[in-house]
Amino acid sequence: MATSNFTETLRRQALRRAEREALVDGDSRWTYAELDADVDRHAAALRDAGIVDGDLVGVLGRNTATYVIELLALSRLGAISVPLNWRLHPHEQAYVLDQAGVTGLIYDDDFADVAATLAATTGLRTVVANGARVVVDARRLADLLAAAPPGVRVPDAEKTAADVHRLLYTSGTTARPKGVIHTCGNLTANHLAQVLELELTAADRILVSAPLFHVSGLEAPGLATFVAGATMVLTPTFKPADIARTVARERITGMVLAAQILFGLLDRDDQSDLGSLRYLLFAGVAPSVRREVKRRLPHVRLVDTFGMTELCNGVCYLDAAHEQCKVGALGAPFPGVHIRIVDEHFQLVPPGVEGEIIIRGEKISPGYWNDDEANRRTRRDGWFLTGDVGRIDADGYLWFVDRRADLIKSGGENVASAEVERVIAGHPDVSEVAVIGVPDQTWDEVPKAYVILRADATTTAEGIREHCRAELARYKVPKYVQIVTSLPRNDSGKVLKKQLRETAVTG
């Protein structure tokens, strides 16, 4: 009986394309038949560790084949995966584990110390027993794999489109990470859209450099690579020179790139090793940069997009036919996706008029995990309210106008200013604080904090940054801290961050 379990697709590809290359990780390679067999072995091992259908399991690791296989094995068992952002501070990771209510944690050797901290602070235990939380490290997983019988097959758990497949945590615009629900149906809708909109075929070789805890790594096109019968090539590096070498060696045809990596590729004198590329997928790149990329790589389709975790990646891609005449547009909606622009009264505005972007469709997340308040704030009459400002032209193409005012985009990661403010406000010398994003050549934006100190304060700007390093991931620590005596406010007392951004300097 066919269900909505994604790993059924892998099972079918193992029959149809048994000898075609499915996965590449450095010098290690898997055909579809080999990948499916390894997923069975991992599923059997995790089942023996005590993980069952419906369990929530954290996964902590870098972009490796084992990581991909673990995610697929959890799907085969019917467990709900919770990929953990390894860049986060252990305090933040512990919050995610507790908020999700995870019952298991899988981690690799690189994160043994972090996992030990999480086990101590969240109650995760290595003892397998009824009701106990399960921790599976790389060594234990190896032992379980060795014990799995040869040729073991684990049936795909039956799932409906409404069943939860995974939780991806995003900082969004609030002080705490929110768990975005991705259902089995969300994945199906996204994968079909990716194959259609990117024109993927079995001949494609897709490079995944974005971290697999991020929606762009998992779903742009990510796992849709296997739906097309194509090849996924992994790399743990973000260095442009390394990516260029991988593109040349593996004859990569497409990939998603953060802006800073795209800039790094442009800085290289020779682009001849990028000749195999068919498309590049990115967002938030200025038209001038886009034109320069097209000048240097005229054969490559440049795909602008609008997406976020709540949308299970992008909801529109700029098509090849309009990439020159609609530079700056983000494309028309995917099949099954509806995008509207509304005013402050939730009324539809005419084409060309700016307003809030709202979206609904089969690939849109049904909501946040255990967060009724956030769901009420962002859902209305079946629509997801992005909070972003845009317009739709007469041809139905979406144009982005402005981002959520307080969300800082740094190196492809979301940094919630409220979260950074909460940490800084916890310093005993701090009276008030406001955090904004300021432009940065390398990371697009970086946090800057404006801090009012108490009268008897002894700390400095560097002291504030040191306080942040103890509580936050490195990319969330303000690059700049400015000690001030007041903050601009409106009549109601709210800090005018727009005014701070307009007058900000980075010195």
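**A helix and its neighbours**

Author: Helix α1 and helix α2 (residues 32-48) pack at an angle of about 140°, their axes lying 8 Å apart. That makes α1 oblique to α2, where angles under 35 degrees count as roughly parallel, over 145 as roughly antiparallel, 65 to 115 as roughly perpendicular and the rest as oblique. The axes are lines fitted to C-alpha atoms, for helices over the stretch in contact, and the angles run from 0 to 180 degrees between N-to-C directions. Helices (H or I, at least four residues) and strands (E, at least two) are DSSP runs, numbered from the N terminus.

This is a predicted model, in which local features need pLDDT of at least 70 and side-chain atom pairs count only at pLDDT 80 or more, while totals for chains, interfaces and linings use all residues. Residues are numbered from 1 along each chain as its sequence is written, and side-chain values use heavy atoms, with hydrogens and water left out.

To return to the pair, α1 passes α2 in a left-handed crossing; a crossing is left-handed if the near helix is turned anticlockwise from the far one by less than a right angle, and right-handed if clockwise. The contact (heavy atoms within 4.5 Å) is made by L10, R11, Q13 and A14 on the α1 side and by Y32, A33, L35, D36, V39 and D40 on the α2 side. Sorted by class, the residues of this contact are 6 nonpolar, 1 polar and 3 charged. In that sorting, Ala, Val, Leu, Ile, Met, Phe, Trp, Tyr, Cys and Pro count as nonpolar, Asp, Glu, Lys and Arg as charged, and the others, Gly among them, as polar.

Helix α1 (residues 7-16) also meets α3, and here the axes come within 9 Å and cross at roughly 105°. The two helices, α1 and α3, are therefore roughly perpendicular to each other. On α1 the residues involved are T7, L10 and R11, which meet L72, S75 and R76 in α3; by class, this contact has 2 nonpolar, 2 polar and 2 charged residues.

Strand β1 (residues 21-25) runs antiparallel to β2 and is joined to it by 4 bridges; D25, for example, has S28 in β2 as its bridge partner.

Strand β14 contains N313, which has a positive phi of about 85° although it is not a glycine. Most residues other than glycine have a negative phi, and most peptide bonds are trans. The peptide bond from A220 to P221, however, is cis, with omega near -10°, and P221 lies in the loop between α8 (215-219) and α9 (224-227).

Finally, a word on confidence, for which pLDDT is the predictor's own score for each residue, from 0 to 100. The chain averages a pLDDT of 88, and 90% of the residues score at least 70. Over residues 125-133, by contrast, pLDDT stays under 50, and the model has 18 contacts beyond four places in sequence for that stretch.

How values were computed:
Two strands pair if DSSP finds at least two bridges between them.
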